[in-house]
Amino acid sequence: MPPQTRVPRAARGGKPEDVRRHNLGTLLGHLHESGSLSRAELTSRMGLNRSTIGGLVAQLTDLGLVHEERPAGTHAGAGRPSLLVSACPASAQVLAADIGVDRVVVGLVGLGGRVVTRRHRRLASSRSPSAVTTLIRRLVDGVLSDPAAGSRIVGMGVALPGVVRHVDGFVRFAPNLGWVDQPLGDLLAAQIGASLGGLRPRVGNDADLGVLAEHLHGVAVGHDDVVFLAGEVGVGGGCIVGGRPLLGAGGYAGELGHLPLVPGGRACRCGARGCWETEIGAQAIARALGLDKSTSDDLVLAVRRAASEGTSALDGVAHFLGRGMAGVVNLLNPRLIIIAGLLGEVFIAAGDVVRASLYEAALAAPMEQVQLAVPLLGDDAVLVGASELAWEDLLADPVAAVGVASAGVAPAGARPRSVPFATMDR
Ligand SMILES: [Zn+2]
């Protein structure tokens, strides 16, 4: 996961040019996360004086990354209202991919986190890493041929439901895809790296990236203790604790779907028995609805149909959803739990049962503080989260990343190719 969900970085010491580039990235990061801000707000947030902010804004304007405009409804004579500085969404874009168990989505995301265009395709019978990579390659070609695609693509991020080593995108374990120790990062670099000017696509866990996106752009903005429950075929978890991603010793924390909940319960794809996802994952939902083989899309429609018919078929799943969340509440004391994907549909369909079960099993004190929500970014939460992996270079050093020399700053040297959070060895 990107560092600390991009808590604004203070200006740091060092060579003047390094400090300036760092400040350019920090300012651009504020605009990427917050949208339009006045120079006064930027001055306050960054702790720099007005003239320095003015110089940074001018340089980013020269780079084509931001623009200034008068707020709507004001005019020049109205007591000099402060100009608003905004990122230019089309000035830089990134590719993002969301690998699911039965489908792949690839999107193009503009500066500011808005999805410009997307393509999706069902996964055929083969879910091998090479087959998935080839499909992503085709979807990338489609996205890049879209009229909305700009000429400045500055990176790519990829999300998948599995345990990933972030330093190189090596997938340690993705049980519902059937992957163990697969070099997805290398495969992506070989297939797509050329389209990115040699940049290496970055890979992360879907729920880690979903919580990041909601924290930066969605329902969790302003909340420092957040859990994202990604319910698709399996169940993933992404956690932000005290404003920072919960990583664990090896970066593998948050596998909430494999909390052991039912002694001697059903077999899980991870090899254990009675994991939480065996009671709330797609198979459990299909079972509850009397369905046999169903795609995720079929199940979403079936859950909505059950909700509209007012049946109690989903009550058992909803009960386990609430009960497992009680464990999460007791352990992490989150302010917000975001229930995404298929589980979000279950929550909408049977929220009363979920809340009753949660209330029954959770301790009163943390229970009083938690709110439940579905993603504000909807089905795009994970895709937008994947895109956040790809903004790292641009937000670390905009001058180098766009490869443009500007007044007062030396021409860009080698564009950073390494993953900034590689040292975390996730
Ligand atoms: Zn399991």
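Tryptophan 391 counts as buried, because its relative accessibility is 0% (buried means under 20% relative accessible area, exposed over 50%, partly exposed in between, with a 1.4 Å probe and protein chains only). Welcome to this predicted model, where local features need pLDDT of at least 70, side-chain atom pairs count only at pLDDT 80 or more, and totals for chains, interfaces and linings use all residues. Residues are numbered from 1 along each chain as its sequence is written, and side-chain values use heavy atoms, leaving out hydrogens and water.

**Around tryptophan 391**
- Tryptophan 391 sits in the loop between α14 (381–390) and α15 (392–396); helices (H or I, at least four residues) and strands (E, at least two) are DSSP runs, numbered from the N terminus.
- From tryptophan 391 to glutamine 93 the distance is 8.7 Å, C-alpha to C-alpha, although they are 298 residues apart in sequence.

**The zinc site**
- His258 (ND1), Cys268 (SG), Cys270 (SG) and Cys275 (SG) are the protein donors of the zinc ion, at 2.1 to 2.3 Å from it (donors are N, O and S atoms within 2.8 Å of the metal, or 3.2 Å for Na, K and Ca; water is not among the atoms, so sites may look incomplete).
- Histidine 258 and cysteine 268 both lie in the loop between β14 (244–245) and α7 (277–280), so the pair ties together parts that are 10 residues apart in sequence.
- Cysteine 268 counts as buried, because its relative accessibility is 9%.

- The structure holds zero disulfides (pairs of cysteine sulfur atoms within 2.5 Å).
- Cysteine 239 counts as buried, at 3% relative accessibility.
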